[in-house]
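Welcome, and thanks for taking a look at this one. Please keep the sequence and the 3D view side by side as you read.

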Amino acid sequence: MLSVEEARALMLEGVEPLGSESVPLLEAHGRLLGTDILTDIDNPPFHNSAVDGYAVRAVDTLGASPEQPVVLRALRDIAAGGDPGDAVVARSAAKIMTGGVIPEGADAIVMVEDTSPGGAGEVAIHRAARPAQHIRRQGSDLAAGALVLKAGCRVRAAELAMLATAGCARVPVGRRPSVAVFSTGDEVVSVREGERPGAGRLRDSNQPALVGLVLEAGASVRSAGHLLDD
């Protein structure tokens, strides 16, 4: 009788890599990457705010405190995905939402919790800002050309997110092996709704188990059938 190792070696003698194919992003789930993936742009692709607050020049907030707030001229609002507009100049501040583009001239963000309304068209700053405070710098997560995922890794939910970040609308993945599964035995019968096996017969549990193992291994099932003891 063949050992498990000998049987495995015999089977693998006829196995060759199937190469890769390109599939739409969501269809890559569960597949193995066919190549290394590099990101095509910086991530984030622009300097943006990590909080809701006000884009300011840090120097204009020196000495600010709850007891002695610094009052700045309030500029337009900058929404996430919106145009940052004109530059922030001395003694001014632009209200900005999380993810908003940092306007020219600003080098820090003051959290909205550290502000209060001033007079008409003004905002009171209650805490001094440090340069670069609450700013996510362009490319701080990934620089353009950075390795995102290595060939051979299995694509799960997190990998789908990284592939999207890297701009992969289509993903190179290994081709799925195609497997035929057969159960054997005169005594084995398929499971049918409302039926019980006859005398001397057993319900076929091997075939569903083997099909499940094939699918869990990332292959596709070409056919599944039953062979008698011939």
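Here is a short briefing on cores, salt bridges, a pocket and a loop residue.

This is a predicted model, in which local features need pLDDT of at least 70 and side-chain atom pairs count only at pLDDT 80 or more, while totals for chains, interfaces and linings use all residues. Residues are numbered from 1 along each chain as its sequence is written, and side-chain values use heavy atoms, with hydrogens and water left out.

**Nonpolar cores**
- The largest nonpolar core has 15 residues, and Leu-33, Ile-37, Leu-163 and Val-171 have the most contacts inside it.
- Strand S11 (147–149), helix H2 (157–165) and strand S12 (170–174) each supply at least two residues of this core; helices (H or I, at least four residues) and strands (E, at least two) are DSSP runs, numbered from the N terminus.
- A second, separate core of 12 residues includes Tyr-54, Ala-58, Ala-93 and Val-110.
- A core here is a set of buried Ala, Val, Leu, Ile, Met, Phe, Trp, Tyr and Cys residues joined through side-chain atoms within 4.5 Å; buried means under 20% relative accessible area, exposed over 50%, and partly exposed in between (1.4 Å probe, protein chains only).

**Salt bridges**
- The whole structure has four salt bridges, each a side-chain nitrogen of Lys or Arg within 4 Å of a carboxyl oxygen of Asp or Glu.
- Glu-21, Arg-31 and Arg-175 are linked in a network of them.
- In the pair Glu-21 and Arg-31, the closest N and O atoms are 2.6 Å apart; Glu-21 is partly exposed at 26%, whereas Arg-31 is buried at 7%.
- Glu-21 also meets Arg-175 at 3.3 Å, N to O, and these two residues are 154 residues apart in the chain.
- Arg-127 pairs with Asp-114 at 3.5 Å between the closest N and O atoms; Arg-127 is exposed at 51%, and Asp-114 is buried at 18%.

**Largest pocket**
- Among the 18 lining residues, Leu-32, Gly-174, Arg-175, Arg-176 and Pro-177 are the closest to the centre of the largest pocket.
- On a 1 Å grid over the protein atoms alone, a pocket is an open set of points where a 1.4 Å probe fits, with protein on both sides within 12 Å along at least five of seven lines; lining residues have an atom within 4 Å of a point.

**Loop residue Glu-104**
- Glu-104 sits in the loop between strand S6 (92–96) and strand S7 (108–111), and is exposed at 62% relative accessible area.
- The C-alpha atoms of Glu-104 and Gly-53 are separated by 16 Å.
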